[in-house]
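Here are my notes on this one, written up as numbered points. Have the structure open while you read.

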Amino acid sequence: GSDSLAPFLEDSHRGVFLLCKTSNPGASELQDLLLRPSPNIEPLPGSATVYEAVAAFARQWNRNDNLGLVVGATHPKALQRARQVAPELWFLSPGVGAQGGDLAAALQAGLRRDGWGMLLPVSRSLSQAENPHRAARELLQWMRSQRAAFLESQPAPERPVLSRQLSELAEGLLQAGCVKFGQFTLKSGLQSPIYLDLRQLVSFPRLLEQTAVAYFSLLSNLSFDRLAALPYAALPIGAAVSLLGGWSLIYPRKEAKDYGTRADIEGVYSPGERVVVLDDLATTGGSKFEAIEKLSQAGLQVSDVVVLIDRQSGAAEALAGQGYRLHSVFTLTELLDYWESTQRVDSMHIAAARRFIQDTKPE
């Protein structure tokens with residue numbers, strides 16, 4: 001019951017996986033029993049199985065986004081039903097490999113619409129392989145291809161209301177002084193009523209970590225060999241993302257050294273590799289093109305640019321015109337909408353910022 005879980009769920013940085021539907025053949029003997037209808041089991045109308053009720057209760061108890069479910073990969077129909085009842089929860093799904101679970105069927109049934117939400121223990125399949133390293137690499141590549149196929153089959157999602165994770169990040173940016181209102185001259189020469197100073201992130205480790213997690217979510221859907229962070233604001237962000245995702249990091253220098261190696265790009269790379277450009281903000285796209293030119297001259301391939309905030313001043317359109325895709329954690333409009341809804345910013349500042357977005361929007 002909830003009272004047994006409560007002490008373990010109080011710390012939002014730690015989590016619990018609750019037994020729901022096990023992977024053994026006899027799981028249905030108890031877990032598929034029907035319960036009498038109860039108004040306490042939401043959102044299940046009428047009677048429900050034991051495992052469906054567990055999934056429904058877990059969703060209600062998941063107030064800190066730290067409660068998941070154990071749902072065996074050997075029962076794809078039950079996995080699919082649990083996902084319908086608890087669409088946002090993480091599943092720990094044993095049963096692939098030695099127990100005979102079909103990995104493709106499990107992923108199709110259990111992944112969330114965003115392509116995440118499943119942890120798949122495959123210990124015996126790897127530990128007993130002739131070459132565990134190669135077996136792990138091949139399994140990972142196959143899982144990624146299955147996930148990509150799953151995502152392609154999903155309808156294009158609308159830009160959602162901010163999740164709890166992104167709401168906390170939006171609040172943290174404001175509290176840390178990364179957002180200021182007044183009159184400011186941007187690098188592009190534009191006069192703006194809002195200034196976004198993400199260099200402040202280096203002084204707030206927890207906020208920097210939250211920022212890295214947000215980038216990670218976007219990057220996990222892209223195909224690349226290395227990250228290329230732009231000096232200077234994006235360098236600490238890039239380092240945090242690199243540590244979180246285990247991705248190799250390089251960066252193009254603002255100016256080439258006139259001593260030593262005289263390198264234009266710092267870090268280890270090989271011509272022909274694909275890199276994703278990381279920056280803090282996107283305004284007109286000018287600094288992105290400068291960096292992409294340096295990277296391209298070194299033989300590196302660039303298709304995607306990822307930023308924390310798109311100021312919606314033409315960068316996405318300019319980059320698209322040259323064949324590059326811009327991905328942002330937030331648009332400036334989304335942040336303004338959130339700060340307005342929480343009454344954290346004066347309405348006059350919100351209105352001025354919105355007028356600025358409208359006035360600088362490309363034709």
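1. Let's start with Glu273. Setting aside residues up to four places away in sequence, Glu273 touches Asp225, Arg226, Gly299, Leu300 and Gln301, where contact means heavy atoms within 4.5 Å. The residue lies in the loop between β11 (265-266) and β12 (274-282); helices (H or I, at least four residues) and strands (E, at least two) are DSSP runs, numbered from the N terminus.

2. A word on provenance before going further. This is a predicted model, so local features need pLDDT of at least 70 and side-chain atom pairs count only at pLDDT 80 or more, while totals for chains, interfaces and linings use all residues. Residues are numbered from 1 along each chain as its sequence is written, and side-chain values use heavy atoms, with hydrogens and water left out.

3. Back to Glu273: is it buried or exposed? It counts as buried, because its relative accessibility is 15%; the cut-offs are under 20% relative accessible area for buried, over 50% for exposed, and partly exposed in between (1.4 Å probe, protein chains only). Its side chain also has a polar contact of 2.6 Å with the side chain of Arg226. By polar contact I mean a pair of N or O atoms within 3.5 Å; within protein, one must be able to donate a hydrogen and the other to accept it, and residues adjacent in sequence count only if both atoms are side-chain atoms.

4. Now some backbone geometry to look at. Pro231 and Tyr232 are joined by a cis peptide bond, with omega about 0 degrees. Tyr232 sits in the loop between β9 (226-229) and α10 (234-245).

5. Gln312 is not a glycine, yet its phi is positive, about 60 degrees. You'll find Gln312 in the loop between β13 (301-310) and α12 (315-321), and at a relative accessible area of 21% it is partly exposed. Gln343 is another non-glycine with a positive phi, about 55 degrees. Gln343 lies in the loop between α13 (332-341) and α14 (347-360) and counts as exposed, at 72% relative accessibility.

6. Last stop, Thr360 in helix α14. With a relative accessible area of 17%, Thr360 is buried. Leaving out residues up to four places away in sequence, Thr360 touches Leu190, Gln312 and Ser313. Leu190 is 170 residues away from Thr360 in sequence, but their C-alpha atoms are 8.8 Å apart. The side chains of Thr360 and Ser313 make a polar contact of 3.3 Å, and a polar atom of the Thr360 side chain lies 2.8 Å from the backbone oxygen of Phe356.
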